Structures are given as C-alpha cells and as structure tokens.
Amino acid sequence: MKGIEAFEALAPLLKNEPTVLANGFISRAFFNVTDRKENFYMIGSMGLASSIGLGVALAQPERKTLILDGDGNVLMSMGTLAMIATCAPKNLIHIVIDNEVYESTGSQRTLSHEIKLEEVAKSSGYKQVMRVTRPEEIQPAYEKLYQAEGPVFLLIKVEPAFDASQGRVTHTPEEIRDRFMESITG
Amino acid sequence: MLSSKIFVDKLRGNGFDFFTGVPCSLLSGLIAELEADQGIGYIPSVREDAGVGLCAGAYMGGKQPVLLMQNSGFGYSLNAFTSLNLIYNIPVLVIMSWRGCGGNDAPEHIIMGDINEPLLKTSGMEYSVLDENNADQVLTTALKKINDEKVPYTLLVKKGLFDERH
Ligand SMILES: Cc1ncc(C[n+]2csc(CCOP(=O)(O)OP(=O)(O)O)c2C)c(N)n1
Ligand SMILES: [Mg+2]
C-alpha cells in the first residue's frame with residue numbers, strides 16, 4: 001500500500017479529533033487529502049508530533065486526540081513513547097506511517113525495517129498496539145482502537161511512494177495554530 | 001534565597017497550571033514542590049525538546065504551561081523553539097537554571113554558561129534573570145509576553161537562588 005492510500009482510507013474515519021501531523025510528506029500529503037481545521041501541520045520540530053499530541057490529549061482529556069507520525073519521527077523521539085505510556089491518556093491514538101525511510105529527504109533508510117515500532121510501543125506500555133499492511137485493514141483496526149482505552153498505537157506499513165509534485169501546506173504557521181486552537185476550545 | 005514553595009504558589013496564582021521538565025539540582029526544590037502538589041502535579045519529560053512539544057500541545061489544548069530545564073537542555077531544545085514556538089507563536093514559560101554562570105562550575109557547563117544570554121538573545125528568546133526581589137515583576141512581564149505576544153519567555157535561575165533539595 002502507498003502512504004496516500006493509507007491516508008485515503010483514514011480520512012473518512014475522522015470526525016472532529018484534534019490531529020497532530022509529523023513534518024515532511026506526512027503533513028503535506030494529508031493536507032492534500034483532507035484539509036481540516038483540526039489538523040496541526042507540524043512543519044519543523046521533527047520528532048515532536050508525539051509530544052505535542054500528548055500535550056493536547058492531556059489538556060483535553062474528553063477529546064479523542066490523534067497523532068499521525070512517521071517512522072523517522074518516532075525513532076528520533078523514542079523516549080516520548082515512554083512519556084505517553086506513563087501519562088496514559090485514555091483518549092490518545094498514535095498512528096505511524098511506516099515507510100522504513102526518511103522519504104521527505106530522499107528516502108534514506110531509517111531503522112524500522114528491523115525495529116518493530118509497535119513492539120517498542122507495546123513494551124513501553126501502550127494499552128494496545130496493532131500493525132496493518134493492507135488498506136482494507138485500516139478501518140477495522142482504527143475502529144477497534146478508537147473504542148479501546150488509550151494510549152493505543154497503530155502502525156501502518158506502506159511503500160515509500162509519496163507524490164513530491166503535490167503542493168505544500170498553504171496555511172501560515174499562525175493560521176494553523178489559530179484554526180487548530182479554535183477547533184479545540186472554541 | 002527565594003522559597004520554592006512561595007514561587008510555586010506565585011506561578012499557580014498567576015494561572016500556570018501545567019508543569020513539566022528535565023531536572024537540574026538548582027531547580028530541585030521547585031520540582032519537589034510541584035510533585036508534592038496532588039492537584040496539579042509535574043510530568044517528567046525525557047528530553048527538553050520533548051518538554052517543549054508537550055507544553056506546546058498543552059497550550060493549544062487550553063493550558064498555561066511551564067517548562068523547567070537546565071541550560072544544557074536549551075541546546076537540545078533550540079530547534080524546537082525556533083521551528084515550533086517562535087514561528088507558530090506558541091508561548092511557554094521556561095524556567096532555566098544558569099549553570100556555568102560566571103565561569104564557576106564543572107567543565108561541561110562553562111561554555112553554555114558563557115553563551116547562555118547571547119544564545120537566548122540571538123535566537124529571539126526573551127528572558128529575565130530571576131532574583132530574590134523581582135519575582136512578581138518578572139512574572140508580570142512574562143505573562144504580558146505570553147498573553148499578548150504569544151512568545152516563550154525565560155526566567156534564568158542562578159545557583160543558590162532557590163532552596164535545593166538533594
Ligand atoms: C531535526 C531535523 N533533522 C532533519 C530534518 C530533515 N527532515 C525533514 S522530514 C525528514 C524525514 C522524516 O521521516 P519520517 O518521519 O519517516 O517521514 P517520511 O519523510 O518518511 O514521510 C527529515 C529527516 C528536520 N526537518 N529536522
Ligand atoms: Mg518514513
């Protein structure tokens with residue numbers, strides 16, 4: 001499956017959940033699939049989608065909160081998995097688009113061809129973890145994890161095949177923040 | 001000496017309600033006070049940049065966050081400040097211990113101690129040096145920056161300011 005197919009399967013499942021997206025192609029491709037005010041497109045601060053998402057989830061315990069992360073991003077901040085597990089927000093769903101490369105910078109390999117990130121999450125203490133490899137598995141896995149008590153982790157294995165000709169996020173960082181905050185508080 | 005308890009009460013009194021950080025012995029009294037408080041608590045961050053991310057998310061979720069760190073952690077979190085907080089305008093109150101201040105500390109702190117202020121300035125991070133007598137005044141300034149300009153504001157803490165508990 002391609003990353004874009006994963007996003008196309010995920011997008012219709014989302015309601016009004018605040019969603020923090022990793023930098024690079026992940027923000028960019030998801031923006032082109034579905035631009036929602038609940039999307040926090042992280043354009044810099046590689047590795048921090050997970051901690052930002054944790055902060056949102058803790059501040060808004062009644063709102064389901066999503067993190068749409070990348071394998072390179074997760075590997076950069078693996079300690080944050082331990083923070084998420086110990087803070088244990090019931091409302092947090094951590095989704096990782098694992099293409100085994102830093103695709104945004106030219107598809108140099110990461111380490112996730114050997115390291116199973118969902119097992120790292122599991123042993124860190126996430127309540128439930130799942131790995132899917134086919135687009136039709138995404139909806140049932142997401143729905144199962146959505147019902148479960150968080151933090152939960154969904155690893156989606158994809159081929160590196162983002163479309164580099166697609167446009168970048170057109171909103172300014174401040175617009176992204178304002179829309180995102182408004183969708184949460186107001 | 002500034003009492004950790006009194007300062008934590010001032011932070012709470014000014015609406016700060018979310019606390020995280022990576023410890024420094026100079027801040028040990030503050031962290032002990034925060035951890036003793038059942039109501040608000042303190043979240044241990046694994047790295048200072050993760051703390052920056054955590055506070056950014058908490059802020060956008062409606063909290064008023066405080067991040068405690070040693071100045072060594074400023075190095076780790078510089079990219080987070082410059083490519084997250086300072087471009088999205090996401091404020092946070094940073095309480096940063098100034099190790100190596102005046103060149104009088106362990107070798108690993110000397111360089112950062114020397115460049116701490118210039119590095120804050122050059123990266124556009126506004127700050128004050130906290131002392132025994134200016135707590136109310138610097139918190140007023142910090143809140144103005146945080147609420148009006150939506151930028152991070154740093155309070156530098158020298159050795160011996162707070163009661164240390166280790
Ligand atoms: C601190 C830092 N180092 C390097 C980069 C360059 N960079 C931008 S995106 C990216 C790859 C992210 O990898 P991953 O999370 O796997 O997402 P993918 O690109 O594969 O979709 C890199 C290395 C950066 N933005 N910040
Ligand atoms: Mg990747």
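This is a predicted model: local features need pLDDT of at least 70, side-chain atom pairs count only at pLDDT 80 or more; totals for chains, interfaces and linings use all residues.

User: What makes the site of ligand 1 a shared one?

Analyst: The residues that surround ligand 1 come from chains A and B, so the site is shared between chains. The shell holds 15 residues, and A:Asp71, A:Gly72, A:Asn73, A:Val101 and A:Ser104 come nearest to the ligand.

User: Which elements of chain A each supply at least two residues of that shell?

Analyst: They are helix H4 (71-76) and strand E5 (101-102) of chain A. H4(A) gives the most, with three residues. By residue class, the shell around ligand 1 divides into five nonpolar, eight polar and two charged residues.

User: How do you know that A:Asn73 makes a polar contact with ligand 1?

Analyst: A polar contact requires a pair of N or O atoms within 3.5 Å. With A:Gly72, a polar backbone atom is 2.8 Å from an oxygen atom of the ligand. For A:Val101, a backbone N or O atom lies 2.7 Å from an oxygen atom of ligand 1. On its own, ligand 1 has 580 Å² of accessible area, and the protein covers 76% of this. Ligand 1 sits in the largest pocket.

User: Why is the pair of A:Phe7 and A:Phe30 called edge-to-face?

Analyst: Two rings pair if their centres lie within 6.5 Å, and planes over 60 degrees apart count as edge-to-face. A:Phe7 belongs to helix H1 (residues 3-10) of chain A and A:Phe30 to helix H2 (residues 25-33) of chain A, so the pair ties together parts that are 23 residues apart in sequence. Over all chains, the count comes to ten aromatic pairs.

User: What is remarked on at A:Ser45 and at A:Pro151?

Analyst: Most residues other than glycine have a negative phi, and most peptide bonds are trans. A:Ser45 is not a glycine, yet its phi is positive, at about 40°. This residue is found in the loop between strand E2 (39-41) and helix H3 (49-59) of chain A. The bond that joins A:Gly150 and A:Pro151 is a cis peptide bond, with omega about 0°. A:Pro151 lies in the loop between helix H7 (135-147) and strand E8 (152-157) of chain A.

Technical notes
Residues are numbered from 1 along each chain as its sequence is written. Chains are lettered from A and ligands numbered from 1 in the order in which they are written. Side-chain values use heavy atoms; hydrogens and water are left out. A residue is near a molecule or strand if one of its heavy atoms lies within 4 Å of it. A polar contact is a pair of N or O atoms within 3.5 Å; within protein, one must be able to donate a hydrogen and the other to accept it, and residues adjacent in sequence count only if both atoms are side-chain atoms. Accessible areas come from the Shrake-Rupley method with a 1.4 Å probe; for residues, only the protein chains shown count as cover. On a 1 Å grid over the protein atoms alone, a cavity is a set of points where a 1.4 Å probe fits but cannot get out, and a pocket is an open set with protein on both sides within 12 Å along at least five of seven lines; lining residues have an atom within 4 Å of a point. A molecule sits in a cavity or pocket if more than half of its atoms lie within 2 Å of its grid points. Helices (H or I, at least four residues) and strands (E, at least two) are DSSP runs, numbered from the N terminus. Ala, Val, Leu, Ile, Met, Phe, Trp, Tyr, Cys and Pro count as nonpolar, Asp, Glu, Lys and Arg as charged, and the others, Gly among them, as polar. Rings of Phe, Tyr and Trp (its six-membered ring) pair if their centres lie within 6.5 Å; planes under 30 degrees apart count as stacked, over 60 as edge-to-face and the rest as tilted.
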